[in-house]
Amino acid sequence: MALPAALFPDRQALAGTHAMTTIIFVEANGTRHAVDGADGQSMMDIAVTARIPGIVGDCGGCCACATCHVELDDGWRHRLPPADETETAMLEAAVSVTRNSRLCCQIKLSAELEGLVAHIPAPQI
């Protein structure tokens, strides 16, 4: 379910001087959410702000939980830097981990990620 547009400023006002990137989050039930964020923001930040179901972000983006675990669509994994040691350790405790699993708190938006599709496994916690 998309949030009412009245809750958010228009894309241009939100962007200010920052470029915007759209990420597609897909719930386990197939519901898709297109979410815009300023380049440099984390995927977790934009998901939590948009109240995307299944992205909890308990640690606030410090890579200390795994409640922002997503599975990237094939083809996107190789476009991102690999997960570091801390992220890899956190993913070991996550549910439904695959080779395309990432913590979205560790992925910063940029123009190169326009249209990235991230699937949210069920359950997250």
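Trainee: What is the strand order of the open sheet, and what is the pairing?

Mentor: The open sheet has 5 strands in the order 2-1-5-3-4, with mixed pairing. Strands here are DSSP runs of E, at least two residues long, numbered from the N terminus. This is a predicted model: local features need pLDDT of at least 70, side-chain atom pairs need pLDDT 80 or more, and totals for chains, interfaces and linings use all residues. Residues are numbered from 1 along each chain as its sequence is written, and side-chain values use heavy atoms, without hydrogens or water.

Trainee: What makes strand 2 and strand 4 edge strands?

Mentor: Strand 2 (32-38) and strand 4 (101-103) each pair on one side only.

Trainee: Why do strand 3 and strand 5 count as paired?

Mentor: Pairing takes at least two DSSP bridges between two strands. Strand 3 (residues 69-72) and strand 5 (residues 117-119) have 2 bridges, in the antiparallel sense, so they pair. Glu71 has His119 in strand 5 as its bridge partner.

Trainee: Which residues does Ile52 contact beyond its sequence neighbours?

Mentor: Contact means heavy atoms within 4.5 Å. Leaving aside neighbours within four places in sequence, Ile52 contacts Phe25, His33, Val35, Ala47 and Ile120.

Definitions and conventions. Helix = DSSP H or I, 4+ residues; strand = E, 2+ residues; numbered from the N terminus.
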